[in-house]
Amino acid sequence: MPTTLGELARLVGGDLRGNAAIQLTGASTIDVAGPGQITLADHPDRARSLLASLAAAVIASPDVDCGGKPSIVVPDVHAAFATAVRHFRPLRIVQRIGQSPQASISPTAKLGANVDVHPGASIGDGVTIGPHTTIHSGVRIMPDCVIGSGVTLFPNVVLYENTRVGDRVIVHAGAIIGAYGFGYRQVDGRHLISAQLGNVEIAADVEIGAATTIDRGTYGPTVIGEGTKIDNLVMIAHNCRLGRHNLICSQVGVAGSTSTGDYVVMAGQVGVRDHVHIGDRAVLCSKSGVSNNVRAGEEVLGSPATPIRQAKLQMAAVAKLPEMRRQFRIMQRQLAELLGESLADDSDSNECAA
Amino acid sequence: MPTTLGELARLVGGDLRGNAAIQLTGASTIDVAGPGQITLADHPDRARSLLASLAAAVIASPDVDCGGKPSIVVPDVHAAFATAVRHFRPLRIVQRIGQSPQASISPTAKLGANVDVHPGASIGDGVTIGPHTTIHSGVRIMPDCVIGSGVTLFPNVVLYENTRVGDRVIVHAGAIIGAYGFGYRQVDGRHLISAQLGNVEIAADVEIGAATTIDRGTYGPTVIGEGTKIDNLVMIAHNCRLGRHNLICSQVGVAGSTSTGDYVVMAGQVGVRDHVHIGDRAVLCSKSGVSNNVRAGEEVLGSPATPIRQAKLQMAAVAKLPEMRRQFRIMQRQLAELLGESLADDSDSNECAA
Amino acid sequence: MPTTLGELARLVGGDLRGNAAIQLTGASTIDVAGPGQITLADHPDRARSLLASLAAAVIASPDVDCGGKPSIVVPDVHAAFATAVRHFRPLRIVQRIGQSPQASISPTAKLGANVDVHPGASIGDGVTIGPHTTIHSGVRIMPDCVIGSGVTLFPNVVLYENTRVGDRVIVHAGAIIGAYGFGYRQVDGRHLISAQLGNVEIAADVEIGAATTIDRGTYGPTVIGEGTKIDNLVMIAHNCRLGRHNLICSQVGVAGSTSTGDYVVMAGQVGVRDHVHIGDRAVLCSKSGVSNNVRAGEEVLGSPATPIRQAKLQMAAVAKLPEMRRQFRIMQRQLAELLGESLADDSDSNECAA
């Protein structure tokens, strides 16, 4: 639905600068926007890209120099641009579909009002689901799970027995909640699996990424605290207790029985060993290998993980180590001369300098 | 079902120490057990947590000082505690469901006695399944697979064509067995995939974690040896041959054509390159990057992986490297003075010391 | 179907060296081939394994010394051996099955000629699918996706709304395309998710591995360029733009808004941070942690990733660092003696040498 710049300015409640009659046909980011499209600039450093852009107009924050390009100035660029995108590409109206006859729903399951169950989903015995929850196709809910209201389970999510899911939780496609923990003891040369009597409890407002796995506790629950967000392909092992409002990025692995405080951030591909505690607001930088407790507020980096200031000094020192070795060899030779020694006899230093 | 401490002691066959009439309502681990619950203490170092615990009683091993808390003393704490947990939270009696009419089973598939096939599972042409095997909902078994007896395939597992699965194997939800190997050759600027004629063979008593992927061999099988246990989100590439009773932790990646002996342990996030051999009982510490053969019994750490004693010396030396650089600069200056050189002229050492 | 060496030589168009009447019953790789089987040798360094092999004959390239073993000599060993394997283990003839009545296909979806939809697949409203495409069981295609011709979606693949899939693309089982990006801003102590208005666009001839996840863009598309091949368990974050003919190995993670040129190679478990560019034909070695742009043609290694020559010098220097520390301490003592200082007073150097 084409529209004018003036109409769009009214729609997003912004300050129009330029010709209100300009016709717009779409909204795209700076690098791909074509003629007839509006783009966004959320930071002064976008000014140069904006000059090079083919876009006909821009939604910009007040501190951006738009270089004369027609603009709509707003305080929250992303909210306004999202409105513009939705104007040009309206959401398909999704009708509630109710309980599909092609789903498999146990007669002992209890579903609240306005629960949608898409074709090909399976809901086991004794499951309880709160109102306004959406169960997409291919979701497998095993017996005795308890699911809150306003929850979204995207296609092919699997919940093992007894999983608890809080209100407004979003679980993305292919995530697996409640599989057995990886704990064995060796008896007569064979690995015997430990007890698998616990479950997983996910508090309200948690989001869980695609193909992420969270294992059940041994005797009690593995816990994900309120408001915590977990990205794709993350592994949370048995008996872990994550606090509230953590951000756990993609491909992180947290080993068994580890706990975190609130507002912890783990960047991509971090690994945390078992039985440690990560304090409130700690930050684990990407690819860190964490083998000890981390104090509240601390930022760590590297493997083994080290407070970030120290870690950066170490990395800088390693980068210069080959040159330091070269100079070290020169010093060895000079010192040997001062001492009247023959370097040729000093096989150790030759080896070191090789 | 509430019970007394005395009844519980008889149930687990343990030695009662304290008031047999104490009423118990549940069983939980030390950190979460409340009043009226029994907990467990499997090691003398739990004594302090035990003192702080609200639990009414404890199942303990003989070497634990229970500090006067009523206790049941047993040699195998975990077995006894599992019995207690199951007493308070009995397992749902799972009835065999037979072949669900909502499953899709090829008329040419051959199923043994007492095979359960849950709603929404698909079983392809020519598949053979042994007795007492459970196929959960959403499992996809492609043509010509051969599956043993007593196997459990959890929801949404996928087996590509010709996969062999031994007796008593457990495959967790979302695991993908038998996808194409990642092998290409470049022809006229395009990547052409190599032959994908092999399959995956999984021996008896193997367990495979959630969302783990094992690719098929090029011409023959990728092999997982008897009793080997694999955690979640692990990647085993084409043509690998894992030995028996390995433990492969979460997010490990093993590249193509690599083989392992028996009782190998790979900790979390290890990567092993292609075409190497990891000997019997070798241990690859977490996050190691293994680019060479590892000898039987060897423990390696780091990336590139190094025998652990050496790796720890290197890590300790790197941790002290910034201080060593500082002292190195002092020595350079002292030596230059001894030699009557002017440091100002020695641009190299300035650079190094910067 | 047993056959003679002579018949097989004719079948693969190769040069027979040995007794044409030898009876063969199968084809296997060198390490597992038994008597009566033919094997392959694609490189002169296979001569020794060949001598030890029980195989009755070999398909070999002209430069291999077959040590007298009956052979078929061909220029392209792998093509010829694949033909032999297929001769002994013919492919099951897969009949097109059409649209299974056990699939759930929206009445507003448009399917081209000869599209197969297996039992238990779901196809949403407004989806378009080109001719000769195969949708395996358990695939979930959400509304408004557009899929090309000759595409294969293996079991349990999930495509979120509006995903674009080019011609001849192969997506392996359990891959999740189009889940929400992991972008939040904190408001009043809670993480609010950013806009999720974009989609994923996959160009022609791309292959995507099992359980790989590719997130949708914020406003526009996340793009995978033509001919790019992605292995299993890979994470491609929101707004990424991968170029053409990249090879992305298993367990790689690429953070948001990062772009690549053409023919980029990322080895296993590489991590690339957000908002960087990896130039044409760059190579990121396994486990690298890439936090800056990488120039075209450059090969990097390590974390932080460094040009490979430098990275190898650094790794070699670190390996020798413990010995260098030992010698450093000796030099400190010698220098202190020359300067007439007492080492006992020099607590710094003691600490360093500890």
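In this predicted model, 48 residues of chain A are in contact with 51 residues of chain B, two residues being in contact if their C-beta atoms, placed from the backbone, lie within 7 Å. The elements of chain A that contribute two or more residues to the side touching chain B are β20 (176-179), β22 (190-193), α4 (308-319) and α5 (321-339). Of these, α5(A) supplies the largest share of that side, with 7 residues. Helices (H or I, at least four residues) and strands (E, at least two) are DSSP runs, numbered from the N terminus. By class, the side of chain A that touches chain B comprises 23 nonpolar, 19 polar and 6 charged residues. Here Ala, Val, Leu, Ile, Met, Phe, Trp, Tyr, Cys and Pro count as nonpolar, Asp, Glu, Lys and Arg as charged, and the others, Gly among them, as polar.

Residues are numbered from 1 along each chain as its sequence is written, while chains are lettered from A and ligands numbered from 1 in the order in which they are written. As the model is predicted, local features need pLDDT of at least 70 and side-chain atom pairs count only at pLDDT 80 or more, whereas totals for chains, interfaces and linings use all residues.

Chains A and B are also related by superposition. Chain A can be laid on chain B with an RMSD of 0.1 Å by a turn of 120° and a shift of 0.0 Å along the axis. This is the relation of a three-fold axis.

In chain A, helix α1 (residues 5-12) has A:Leu5, A:Leu8 and A:Ala9 buried. A residue is buried if 20 or more other C-beta atoms, placed from the backbone, lie within 10 Å of its own, exposed if 12 or fewer do, and partly exposed in between. Viewed down the axis of α1(A), the buried residues fall within an arc of 105°, so they line one face of the helix; the arc is that of the directions from the helix axis to the C-beta atoms. Just after α1(A), A:Gly13 adopts a positive phi of about 65°.

Chain B contains an open sheet of 11 strands with mixed pairing, in the order β10-β13-β16-β19-β24-β27-β30-β33-β36-β38-β39. Two strands pair if DSSP finds at least two bridges between them. The edge strands, β10 (116-117) and β39 (306-307) of chain B, each pair on one side only. Within chain B, strands β33 (residues 265-266) and β36 (residues 283-284) run parallel and are joined by 2 bridges, with B:Met266 opposite B:Leu284 in β36(B).

In chain C, β21 (residues 184-187) and β22 (residues 190-193) pair in the antiparallel sense over 4 bridges. C:Val187 has C:Arg190 in β22(C) as its bridge partner. The two strands form a hairpin with 2 residues between them, and C:Asp188 in the turn has a positive phi of about 50°.

A cis peptide bond, with omega about 5°, joins A:Ser303 and A:Pro304; A:Pro304 is found in the loop between β38 (299-301) and β39 (306-307) of chain A. In chain B, the peptide bond from B:Ser303 to B:Pro304 is cis, with omega near 5°. B:Asp205, although not a glycine, has a positive phi of about 65°, and is buried, with 20 other C-beta atoms within 10 Å. C:Arg281 also has a positive phi, near 60°, but counts as partly exposed, with 17 C-beta neighbours inside 10 Å.

Definitions and conventions. Least-squares fit on C-alpha atoms with pLDDT ≥ 70 in both.
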